[in-house]
Amino acid sequence: MIIFSWNVRGMNDPLKQQEVLDFLQRNKVDCGAIIETHIKAHSVHIVKLSSLLSAAQHYTTSGPGYLCYALNRASKRLVLWDQLRTLSAGSLPWICLGDFNVSHFSRTGFLSQMGKIDRLLVNRLWFLSVSSTVVFLPSGVSDHSPILPTIASSVVLRRPFRYLNCWSLSPAFTEKVLSNWQVPVHGGRIFSLFTKLRSLRGALKSIHVNEFLGIANRVADAKARLSDCQSLLQASAVNQTLLAEEKVLLLSYKRLRNAELRVLAQKAKIQHFQLSDANTRYFYASIAARKARNNIGAIEDMHGQACYGHDKVSLTFLEFDKNLLGATEEVFRPPTELFSRNTL
């Protein structure tokens, strides 16, 4: 889904009307807002709204949206800020974009300074749960940049095999590695290494499924069982059975908690992480930020057309590589008689 916001600073000029229409058709937006059209009542019949509406008649939205235009005075915007605070306090992801007017264009003598006033803001839930990218296009006929956020559809990709450091905490780790590595393989050294690593992958996956899959839920369950056991011990502190059970549950909880923190540290790629630090929210945010940096949601192809979405971006890369490396051509093979002993 592609949305947009653009402060066009007036649409009475026919050139600007055509530029806006070209922008809508070129970027294939789904919904958005054109701000500050400045269309006067006596000029409505001049502006070609019919063509703009025909290009925008397929726009759809699947959720609540708000369009607001606040007054310039800061005291008059207090109601707007209160409404935004109310929205941000909810339990849903939200996005806010447009002309914020937090800085202005000023000119002193021959020097000019222009601040960035077209911005896009999201809350933490959006950042963690929604896969999206944003492009700030050149301003063109306006002095404001069009904002083009793209909300990617959920694409299920096959995950590559990656070794998790927490697997070494499993009691069965050493045994499974040795048993798979000692299986004889006939072939060269590289083939033997590849075969053993491939065989070991299945054993490591079984460890992950049996002991570490859904590690956050396992940690929560282990902590709950430990708390229940310790609550019973408060009423019967000399119960040897409960004391032995508490010792086992405490070791299990520590092992799972250590494994969870190792997984988070490895995924976030934070080298200075100490295993005693329990700030898991920070590491979940770091993982989401890394995924967002590695994601390519929009790209411009060789013809200057914007491409959005995983499938179109992949095809654009493929087309570029084919054009870079060249097409397959028939290789000239000289006649074999040229290399005979009598002709050389």
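E36 is buried, at 16% relative accessibility, in this predicted model. The side chain of E36 forms a salt bridge with R9, with 3.4 Å between the closest N and O atoms. R9 sits in the loop between β1 (3-7) and α1 (14-27), and E36 in the loop between β2 (31-35) and α2 (49-56), so the bridge ties together parts that are 27 residues apart in sequence. The chain as a whole has 344 residues, of which 26% are buried, and its secondary structure comprises 10 helices and 10 strands.

**Salt bridges**

- A search of the whole structure gives 3 salt bridges. Side chains of opposite charge can pair when their charged atoms come close.
- In the bridge between R9 and E36, R9 is partly exposed, with a relative accessible area of 41%, whereas E36 is buried at 16%.
- E211 and R255 form another salt bridge, with an N to O distance of 3.4 Å. E211 belongs to helix α6 (residues 189-212) and R255 to helix α8 (residues 240-268), so this pair links parts that are 44 residues apart in sequence.
- E211 is buried, at 18% relative accessible area, while R255 is partly exposed, at 28%.
- R257 pairs with E260, and their closest N and O atoms are 2.5 Å apart. Both residues lie in helix α8 with a spacing of 3 residues, about one turn of the helix.
- R257 is buried, with a relative accessible area of 19%, and E260 is buried as well, at 6%. The cut-off for buried is under 20% relative accessible area, so R257 at 19% counts as buried.

**Nonpolar cores**

- The largest nonpolar core contains 21 residues, and those with the most contacts inside it are C166, W167, L204, F212 and I215. Helices α6, α7 (215-235) and α8 each contribute at least two residues to this core.
- W167, leaving aside neighbours within four places in sequence, is in contact with F161, R162, F173, L204, H208 and F212.
- A second, separate core has 12 residues, among them I2, F4, V8 and V20.
- In soluble globular proteins, nonpolar side chains tend to be buried together.

**Surface and contacts**

- The accessible surface of the chain is about 24,700 Å², and carbon and sulfur atoms account for 57% of this area.
- M302, F320, L324 and L325 make a nonpolar surface patch of about 460 Å². F320 lies in helix α10 (residues 310-325) and is partly exposed, with a relative accessible area of 43%.
- Of the contacts in the chain between residues at least 6 apart in sequence, 57% join residues at least 24 apart.

**Cysteines**

- The structure holds 0 disulfides.
- C31 is buried, with a relative accessible area of 18%. C96 also counts as buried, at 18% relative accessibility.
- C166 is among the residues with the most contacts inside the largest nonpolar core.

- V130 is located in the loop between α4 (124-129) and β7 (132-136), and it counts as partly exposed at 21% relative accessibility.
- Apart from neighbours within four places in sequence, V130 is in contact with P93, L125 and I151.
- V130 and A152 are 22 residues apart along the chain, and their C-alpha atoms are separated by 7.9 Å.

**Backbone angles**

- Most residues other than glycine have a negative phi.
- K28 is not a glycine, yet it has a positive phi of about 50°. K28 lies in the loop between α1 and β2 and counts as exposed, at 55% relative accessibility.
- E36 is another residue other than glycine with a positive phi, near 55°. E36 is placed in the loop between β2 and α2 and, at 16% relative accessible area, is buried.

How values were computed: Residues numbered from 1 in each chain as written. Predicted model: local features only at pLDDT ≥ 70, side-chain atom pairs only at ≥ 80, totals over all residues. Heavy atoms only, no water. Salt bridge = Lys/Arg side-chain N within 4 Å of Asp/Glu carboxyl O. Helix = DSSP H or I, 4+ residues; strand = E, 2+ residues; numbered from the N terminus. Buried < 20%, exposed > 50% of the residue type's maximum accessible area, 1.4 Å probe, protein only. Patch = residues over 30% accessible without salt bridge, like charges linked within 9 Å, V, L, I, M, F, W, Y side chains within 5 Å. Areas by Shrake-Rupley, 256 points an atom, 1.4 Å probe, with all protein chains shown as cover. Contact = heavy atoms within 4.5 Å. Core = buried A, V, L, I, M, F, W, Y, C linked by side-chain atoms within 4.5 Å. Disulfide = S-S within 2.5 Å.
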